[in-house]
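Please look over the sequence and the model shown here before reading on.

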Amino acid sequence: MLNYVLDYIPYIVIALCLIYPLRTIIYDQFQAVLSKKKDIDVASAGGFIPLLRILHAEQGATVTSNLPFENTISVVNSEVMKATLQIGDRPIGLFKFLVPLIGEDNFQIFDAERAARFKKVSGPAFGQEVLTTKYDDMRSIGIDLIKRWEESLNLQDSVIIRMQEECLEFALRATSKAILSTDTPQDLDFKKFKQSYDATLSGLFDKQFGLLDDLREEELQQSLNSFLTTLSKLINDRKNKSTEVENTEKPAYVKDLLDILLTENDPDTGCPFSDEMIRSIMSIYLTAGYHTTGVAIPFTLFALTQNPEAKARLQEEIDEVLQDRLPTLEDLSKMDCLTQVIKEALRVHPPGTFCARLIKTGSVLSKAVENFQVQTDNTTILYCIPLYHENPSYFANPQKFDPSRFSRENIKNIKPNTYCPFGFGARMCPAERLAMVDIKIMVCMIMQKFDFELAMKVEDVQMEERFVVMAKNDILIKLKPRSGINA
Ligand code: HEM
């Protein structure tokens with residue numbers, strides 16, 4: 001045995017001599033392998049949400065390192081969300097990319113007190129009264145779309161719809177109706193308005209990552225100008241109309257958001273809202289309501305195509321409640337199964353990526369958050385919405401699409417501060433009710449009129465992080481006629 005080992009000694013010595021001069025290179029390579037995980041960034045992770053998924057898997061509920069922003073941590077914990085419910089400040093940098101669209105001084109980054117004062121004034125714009133007044137108009141937009149699809153169906157047995165694209169159109173129209181009123185000018189070229197808006201949002205989003213070449217930069221500037229000019233025209237038309245109405249007899253009228261901005265004082269200055277601020281606020285509300293609602297509808301339909309039992313149950317409810325008539329606002333509020341399906345779809349496919357709060361120096365947080373390394377020292381907390389929704393300690397079997405989680409019996413079992421498609425606390429979405437009605441109108445009327453199935457491979461339904469999480473290749477839905485209402 002000893003002889004056997006001795007035979008190899010010369011080889012070992014030669015190998016060591018060869019390796020020794022290369023020791024630094026080998027060490028560097030070894031370090032590179034070890035640190036590879038640390039180098040992971042948004043691009044190599046495949047997006048910001050996948051990056052957060054990886055970092056949370058490595059670091060636990062609180063991620064304090066390797067985030068692409070300074071003084072920022074990411075937390076997936078209901079106690080931390082609870083402790084920060086009252087915090088109403090956001091970090092300024094987060095929405096900087098939208099400044100060309102919404103201006104430097106914009107509601108998204110109003111500090112807590114200013115935002116609260118504004119919300120008090122604008123709150124009624126999303127109340128029940130406005131919803132009731134606007135409901136028929138919003139539903140008519142849905143009916144227009146459905147009629148268009150039916151016309152295509154007259155010529156063939158089935159039709160394939162780019163559902164995301166179509167529902168984005170619905171969402172932009174419905175949100176405009178809700179906040180800008182029904183009397184949008186006749187000469188508005190809606191397609192152009194939508195195109196310029198889409199190009200603006202997409203251009204601004206990519207620009208922050210340095211992804212615009214000169215051609216797209218030029219396109220962005222043109223689209224932005226076109227969008228802002230049209231928006232100003234809409235606002236001015238309405239302003240003139242308000243004066244006409246004021247000069248004549250004032251009808252009993254429920255104020256929408258634009259009415260409020262045109263008639264109330266800015267609580268911050270005590271003077272009328274400036275034209276610039278009105279345009280900024282309208283831009284923010286449109287932007288916040290458009291893509292979010294527009295993607296929520298196709299993702300709900302997609303989830304139903306993959307869950308035939310839930311689909312059959314919902315179909316039964318729709319047929320039972322509505323028989324052959326159009327859904328009223330009251331009908332929609334009675335349809336429990338519809339609400340549960342949409343809530344579960346928003347859990348599995350939340351349009352929003354993350355919420356953010358700035359914990360200013362001196363903010364007082366409850367003791368409960370001490371364990372989560374949240375310093376009250378000018379720190380931004382990110383709350384990644386999908387990570388809350390897919391956490392198995394909050395939602396058992398989270399990958400399963402199970403609308404019954406939101407049934408009257410089960411909903412009390414959902415841990416508070418874990419379900420957050422519309423955000424949470426002081427800066428929660430002010431238009432949850434409006435958004436739910438918009439989604440319900442479309443899902444309900446589509447199911448009343450059509451049988452539907454997915455018209456693409458499931459694996460081709462891919463998420464793409466834009467301003468919201470969108471379907472990269474759209475969601476293709478095949479529609480076939482079924483006996484239903486005569487809209
Ligand atoms: C499915 C549809 C929608 C979803 C999923 C959604 C989601 C969200 C989320 C996650 C936030 C951030 C909340 C936070 O920071 O805690 C937010 C804020 C906001 N949303 Fe929505 N939203 C939807 C529809 C709408 C609509 C239709 C409008 C208006 C017409 C709207 C207006 C706003 C505004 C103005 C804010 C900022 C609130 C603030 O800064 O205090 N959203 N939304």
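How far does a polar side-chain atom of Arg427 lie from an oxygen atom of the ligand? The separation is 2.8 Å, which falls under the definition of a polar contact, a pair of N or O atoms within 3.5 Å, where a pair within protein also needs one atom able to donate a hydrogen and the other able to accept it, and residues adjacent in sequence count only if both atoms are side-chain atoms. This is a predicted model, in which local features need pLDDT of at least 70 and side-chain atom pairs count only at pLDDT 80 or more, while totals for chains, interfaces and linings use all residues. Residues are numbered from 1 along each chain as its sequence is written, and side-chain values use heavy atoms, with hydrogens and water left out.

An N or O atom in the side chain of Arg90 is 2.7 Å from an oxygen atom of the ligand, and a polar backbone atom of Phe424 is 3.1 Å from a ligand oxygen atom. The elements that give two or more residues to the shell around the ligand are α13 (275-305), β4 and α18 (432-449), where helices (H or I, at least four residues) and strands (E, at least two) are DSSP runs numbered from the N terminus. Of these, α13 gives the most, with five residues. There are 27 residues around the ligand, and Arg90, Lys119, Arg357, Arg427 and Cys429 come nearest, a residue being near if one of its heavy atoms lies within 4 Å.

The iron atom of the ligand has Cys429 (SG), at 2.4 Å, as its only protein donor; donors are N, O and S atoms within 2.8 Å of the metal (3.2 Å for Na, K and Ca), and sites may look incomplete as water is not among the atoms. Cys429 itself lies in the loop between α17 (385-389) and α18.

Turning to the strands, four of them form an open sheet of mixed pairing in the order β1-β2-β5-β4, two strands being paired if DSSP finds at least two bridges between them. Because β1 (62-63) and β4 (354-359) stand at the edges with a single partner strand each, one side of each is left without a neighbour in the sheet. The partner of β1 is the antiparallel strand β2 (residues 72-75), joined to it by two bridges, and Val63 stands opposite Ser74 there.

Elsewhere, β9 (residues 476-481) runs antiparallel to β3 (residues 159-162), with four bridges between them, and Ile160 stands opposite Lys478. Five bridges join β9 to β6 (residues 450-454), also antiparallel, and Leu454 stands opposite Ile477.
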